[in-house]
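Trainee: I would like to learn how to read a structure of this kind. Could we go through it together, feature by feature?

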Amino acid sequence: MKRFLMLILFVIPIYAFSMTLPQLFLSAQASNTTFAMANITLKQASMTYRMNMIQASVPIVNQGAQLSAQIAYTSSLQAYRSDVNSYYSSVVNAAFGVKIASINVEIAQMNLNVATMNYASTFALFQKTMASTTSLQQASVTVATDRNSLKNANWNYNFDLSNFKIVTGLNWQDMTFAVPVLSTIPSSETMWINNDLNLDLANLNLQDAQYNLQTTPSNSSQYTMEIANMTVQQAQLTKNNALLSSQNNYSSAIQKLEYDYNNVLNAKANFDIATGNLAFYTSEYNSGLISAVNYIGQYEIPYLNTKLSYYTALNTYWSDLVSYMVSIGLRVNSI
């Protein structure tokens, strides 16, 4: 029986003037209500567990009472783990939310810039009877649509800034989002199973059913004895299913992490290519070899889209990574 739930956290190298996610995890704990409630829940459960175990041992050991105390404590640990997972996930999503929203604002602004330049070009042609009224109207609608999109993107950005403040208790500052190397993450089916609270609970319920069967008076009715036996059989089947589910859940979690990690690496590769292309064509644009419309539409916006894809993929990877680390129940530490 595991007495205390422990979590592991990544310690990524600190970059000057830029907060990392692990640093943010620690800083946000001071004001985050979900994290505070989780710790209160754990403290209450630990105190109640110790009291119940003492009472079950005086004046004689009461195995049934001890099992009941362990079952109640394990159920409380499940609630605690769920709250802690919610805390880390909310911090991850709050941080990436601002970053992604800021990129969306950039994209919306670039789209509006292109639409405005296209409208100006279409209007000039229209004045020379070289563009139809329909073309001018369509260009005008595109400007209005992109202006509305920019307004919405700015609203989302401000909302995410506010949410970041609520979740972390901090004002937003630019952050360093590292990519934890998957091969450095502890990966063991045994570790996962040993820290699976659902399996713990199933095992405790089996022990409790077996204890009730053992302490059922021998002169009890046949009905009572059969019910006690069937309860043991049900508890055994439940434990077997819990073990199978634990193994499947571990396999799924690892597969998802591997997919996420490779997806991040691929997105980063595309982002790096787009960054190189943008640098080259920026030089061409500054030399007057590329028009502003072509530069923005063919290089700047695609660059921002690959940047958006990268941070979206990294958000998913971090979210699943945190959930996995909470599930294996290790202490917050460097790896």
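Mentor: The discussion below goes from the overall layout to helices, salt bridges and single residues. Please keep in mind that this is a predicted model.

Trainee: Which helices and strands make up the secondary structure of the protein chain, and in what order do the elements run?

Mentor: The protein chain comes to 8 helices and 2 strands. Read from the N terminus, its elements follow the order β-α-α-α-α-β-α-α-α-α. Of its 335 residues, 39% count as buried.

Trainee: Where does helix 8 bend, and by about how many degrees?

Mentor: The bend is at glutamate 300 and amounts to about 30 degrees. A proline, proline 302, follows within four residues. Just after helix 8 comes glycine 329, with a positive phi of about 65 degrees.

Trainee: How should I describe two helices that lie against each other?

Mentor: Two quantities are used for packed helices: the angle between their axes and the distance between the axes. In this model, the axes of helix 3 (residues 63-127) and helix 8 come within 10 Å and cross at roughly 175 degrees. An angle over 145 degrees counts as roughly antiparallel, and helix 3 and helix 8 are therefore roughly antiparallel to each other. The residues of this contact divide into 21 nonpolar, 14 polar and 5 charged.

Trainee: Let us turn to charged side chains. How many salt bridges does the count come to?

Mentor: A salt bridge requires a side-chain nitrogen of Lys or Arg within 4 Å of a carboxyl oxygen of Asp or Glu. By this rule the count is 5. One of these salt bridges joins aspartate 174 and lysine 99, with the closest N and O atoms 3.6 Å apart. Aspartate 174 belongs to the loop between helix 4 (133-168) and strand 2 (175-176), while lysine 99 belongs to helix 3, so the pair ties together parts that are 75 residues apart in sequence.

Trainee: Which salt bridge does aspartate 260 form with a lysine, and where do the two residues lie?

Mentor: Aspartate 260 pairs with lysine 256, and their closest N and O atoms are 2.9 Å apart. Both residues lie in helix 7 (residues 222-286), 4 residues apart, which is about one turn of the helix. Aspartate 260 is buried, with a relative accessible area of 3%, while lysine 256 is partly exposed at 35%. Lys256, Asp260 and Asp320 are linked in a network of salt bridges.

Trainee: What is the N to O distance in the salt bridge of lysine 268 and aspartate 272?

Mentor: The distance is 2.8 Å. Lysine 268 and aspartate 272 are also both in helix 7, 4 residues apart, or about one turn of the helix. Lysine 268 counts as partly exposed at 31%, as does aspartate 272 at 41%.

Trainee: What should I look for in the backbone angle phi?

Mentor: Most residues other than glycine have a negative phi. Threonine 129 has a positive phi, near 60 degrees. This threonine 129 sits in the loop between helix 3 and helix 4. Its relative accessible area of 72% makes threonine 129 exposed.

How values were computed:
Residues are numbered from 1 along each chain as its sequence is written. This is a predicted model: local features need pLDDT of at least 70, side-chain atom pairs count only at pLDDT 80 or more; totals for chains, interfaces and linings use all residues. Side-chain values use heavy atoms; hydrogens and water are left out. The bend at a residue is the angle between axes fitted to the seven residues ending there and the seven starting there. Axes are lines fitted to C-alpha atoms, for helices over the stretch in contact, and angles run from 0 to 180 degrees between N-to-C directions. Angles under 35 degrees count as roughly parallel, over 145 as roughly antiparallel, 65 to 115 as roughly perpendicular and the rest as oblique. Ala, Val, Leu, Ile, Met, Phe, Trp, Tyr, Cys and Pro count as nonpolar, Asp, Glu, Lys and Arg as charged, and the others, Gly among them, as polar. Buried means under 20% relative accessible area, exposed over 50%, partly exposed in between (1.4 Å probe, protein chains only).
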